[in-house]
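The following note sets out several points for a reader who is new to protein structures. Please keep the sequence and the model in view while reading.

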Amino acid sequence: MSKISTDLVKPFQRHEKDNGSPEVQIGILTEEIGTLQEHLKKHPQDVDAKRSLLKKVARRRKYLRYLKENDIERYTLVANKLKLKV
């Protein structure tokens, strides 16, 4: 993981080296989405950043849908910790 805050990832890790579980991926994508939103406030004409933001939002939505279908408890835990509208 480059540039990603480990403080955001640690609460969702299942074990020390966990980078791939849906919870961790949702946390990483949420941080990246926030960074892109801040960038777009300063540079609203950046089309590449807009496209990247939309792709990350769609990917996070897929992970959330997967968690909701397979483990509702983990889904609600992640949504509450990240303060996502669900």
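Predicted model: local features only at pLDDT ≥ 70, side-chain atom pairs only at ≥ 80, totals over all residues.

1. Helix 2 itself covers residues 22-42, which makes 21 residues. From its first C-alpha to its last it reaches 31 Å, close to the 30 Å expected at 1.5 Å a residue.

2. The protein averages a pLDDT of 88, and 92% of the residues score at least 70. Which elements mark the two ends of the range in mean pLDDT? Helix 1 has the lowest value, 70, and helix 3 has the highest, 96.

3. The side chain of threonine 30 reaches the backbone oxygen of isoleucine 26 at 2.7 Å. When neighbours within four places in sequence are left aside, threonine 30 is in contact with Arg60 and Leu82.

4. Glutamate 32 is also located in helix 2. Is glutamate 32 buried, partly exposed or exposed? Its relative accessibility is 24%, so glutamate 32 counts as partly exposed. Glutamate 32 and valine 57 are 25 residues apart in sequence, while their C-alpha atoms are 9.6 Å apart in space.

5. Serine 21 is found in the loop between helix 1 (6-9) and helix 2. Serine 21 counts as buried because its relative accessibility is 6%. Residues up to four places away in sequence not being counted, serine 21 touches Phe12 and Arg14.

6. Leucine 54, in helix 3 (residues 47-70), presents another case. Its relative accessibility is 61%, and leucine 54 therefore counts as exposed. Leucine 54 and leucine 36 are 18 residues apart along the chain, and 9.9 Å separates their C-alpha atoms.

7. The nonpolar cores come next. The largest nonpolar core has 11 residues, including Val9, Phe12, Val24, Ile26, Ile28 and Leu64. Leu67, Tyr75, Val78, Leu82 and Leu84 also belong to this core. Helix 2, helix 3 and helix 4 (72-81) are the elements that give two or more residues to it. Helix 2 gives the most, with three residues. A second, separate core has five residues, among them Leu36, Leu40, Ala49 and Leu53.

8. Tyr75, Val78 and Ala79 are buried in helix 4. Why do these three residues lie on the same side of helix 4? They cover an arc of only 95 degrees around the axis, which places them on the same side. The general rule is that an α-helix has 3.6 residues a turn, so residues three or four places apart point the same way. Glu73 and Asn80 are exposed on the other side of helix 4. The buried residues of helix 4 pack against helix 2 and helix 3.

9. A final remark concerns the residue that follows helix 4. This residue is lysine 83, and its phi is positive, near 55 degrees.

Definitions and conventions
Residues numbered from 1 in each chain as written. Heavy atoms only, no water. Helix = DSSP H or I, 4+ residues; strand = E, 2+ residues; numbered from the N terminus. Expected span 1.5 Å × (residues − 1). Buried < 20%, exposed > 50% of the residue type's maximum accessible area, 1.4 Å probe, protein only. Contact = heavy atoms within 4.5 Å. pLDDT = per-residue confidence, 0-100. Polar contact = N/O pair within 3.5 Å; in protein donor to acceptor, adjacent residues only side chain to side chain. Core = buried A, V, L, I, M, F, W, Y, C linked by side-chain atoms within 4.5 Å. Arc of directions from axis to C-beta.
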